[in-house]
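This report concerns a predicted model.

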Amino acid sequence: MNTATRRLAVQPNWWARAGWILLAAYVVYALGRLDFSWERFVTGLDNGARFIGRMIPPVIAQPDSLGKGLLESMEIALLASFLGIVISLPVGLLAARNLMPVWATWPARAVIALARSFHPVIVAIIFVKAVGFGALAGIGALVVASIGFIGKLFAEAIEEISLKQVEAVRATGASFMNVILFGVLPQVFGRFIGFATYQLDSNLRNSTMVGIVGAGGIGGTLFSAFQRFDYDFVAAILLSIIAMIMVGEVLATWVRGVFLEKGKVSDE
Amino acid sequence: MAALPASGAAAPAAALSVRGLVKEYVRGKRVLDGITIDFAPSGLTAVIGPSGTGKSTLLRCVNRLVEPTEGAIVFGGRDVVPLAGKSLREARREIGMVFQEYNLVERLTVMENLLAGRLGYTAAFKAWLRRFTQEDIDRAYALLDQVGLAAFANQRADALSGGQRQRVGIARAVMQRPRLLLADEPTSSLDPKTSVEIMGLMRDLGREHGIPVIVNMHDVELAKRFADRIVGMSGGKIVYDGEPAGLDDGVLKTIYGGESWLA
């Protein structure tokens, strides 16, 4: 190196610099193409203020509908989480490449990849077409979402375990199931609980949305209130959703507390 | 108890008989080059030799944690090499193994790790619910007392020190009621004092239950102190097989090569 380059602590990466400049140029260009102008922004602010004005104060225009919708969302979330967890366990196990032969991991990984491909709302539309309107479609959609999420992370957790512990259990003459029960599952149980509670939380949020396409829950109530311009009812519904999500948080934290040691977020 | 004599005097029936064992991890490179050796039904045999010479491979071929390339391993009256499925598991039940890094299931309790030794005899559903037989549970507690860890029964395995974990590992192997105890460098991760305790424990348990113990190790002095018979390996072959007293400098040089490490 000559004295000029020795002056710097880190050598300049000209390719990286070119990349950043190109990125900045593209951002400016794309903003221009998307009709993103200052006037629209100001008009939007004004509209937004008036919109919020109509939402305050929130009014529970139809308490029956609100209560039913919330309850249904919670039921959808809980059922979908339970079923999703139960199915994800064997699917994730089959997808673990350090334990399973190729004829098991390929199909399992394909199922998981498929389950992850679509947003839950799109899957809900498909289920509504398949099984009709209502909570069954919502549950189906969220089970698929759960399998995609928990299955993938569970398989990756299994691929990170210490095979030495598994080897020792195998050396005692344990059957395959016993090796899984005593050698594999104890190592990943904590992380599995973490994924499961995260997905419960996620399903709770998604369950409010699948109703918009007719798959049951508070989403339907919200959407029809919106279409009727009942913005103060919309506000009430949104606030009640916030309350429900917070209850779900508390529930998830409690579940983690039961299965993991005190004060731990995950079993690490 | 006498170890198997090197020449053909009247010998007790061998508990383990290895015949022409060959292992190639890479085609053409033999890690085990035609090993033939018998082990008597009692006594502690130490296998010594440089790193990479196949000591660990030899032990792991016996319980098929490593698949032999060629050869036969006769244990309990039948060749272990072609076994699969249920008969392989039944053979493995009879062979207890102790590992260098203890290989306990860290998230399980000491009791659960001990009972894991009975998994070869327990159905999966019962194992899941931890419904082992009362006899197994009683034996586990008794063994725990014997190795001095009664107070740790319900502690998680990762709360124990290295020496304590190895004791649990040995107890787990003994829980199987094995007819052979293998130990793959059981003291390599332990301090000198603990190493002596662990070797003593294995020798005593082997005598108490009347089973042969085969130990891989690096520490030649420790081997001489506890073994009834020493097997020296080098380059995938057995280069010494006899009494600990016969391990003079000349023999050690043959096994390990080089002179500067000898006192």
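## Interface between chains A and B

In this predicted model, about 2,200 Å² is buried between chain B and chain A, with 58% of that area on carbon and sulfur atoms. On the chain B side, the greatest losses of area to chain A fall on B:Val105, B:Arg107 and B:Leu119, which together make up 26% of what that side buries. The contact involves 30 residues of chain B and 20 residues of chain A.

## Polar and charged contacts

Between chain B and chain A there are 2 salt bridges. A salt bridge links the side chains of A:Glu167 and B:Arg60, with an N to O distance of 2.8 Å.

In chain B, α2 (85-93) and α4 (124-128) are the elements that give two or more residues to the side touching chain A. By class, that side of chain B comprises 13 nonpolar, 6 polar and 11 charged residues.

## The sheet of chain B

Chain B contains an open sheet of 6 strands in the order β6-β7-β8-β3-β9-β10, with mixed pairing. Strands β6 (95-98) and β10 (237-242) of chain B lie at the edges with a single partner strand each, so one side of each has no neighbour in the sheet. From one strand to the next, the twist averages 20°.

Within chain B, strands β3 (residues 44-48) and β8 (residues 213-216) run parallel and are joined by 4 bridges; B:Thr45 stands opposite B:Ile214 in β8(B). Helix α6 (residues 162-175) of chain B packs on the sheet and touches β6 and β7 (180-184) of chain B. The direction of α6 makes about 175° with that of β6(B).

Notes
Residues are numbered from 1 along each chain as its sequence is written. Chains are lettered from A and ligands numbered from 1 in the order in which they are written. This is a predicted model: local features need pLDDT of at least 70, side-chain atom pairs count only at pLDDT 80 or more; totals for chains, interfaces and linings use all residues. Side-chain values use heavy atoms; hydrogens and water are left out. Contact means heavy atoms within 4.5 Å. Buried area is the accessible area (1.4 Å probe) that two parts lose on being put together, summed over both. A salt bridge is a side-chain nitrogen of Lys or Arg within 4 Å of a carboxyl oxygen of Asp or Glu. Ala, Val, Leu, Ile, Met, Phe, Trp, Tyr, Cys and Pro count as nonpolar, Asp, Glu, Lys and Arg as charged, and the others, Gly among them, as polar. Two strands pair if DSSP finds at least two bridges between them. Axes are lines fitted to C-alpha atoms, for helices over the stretch in contact, and angles run from 0 to 180 degrees between N-to-C directions.
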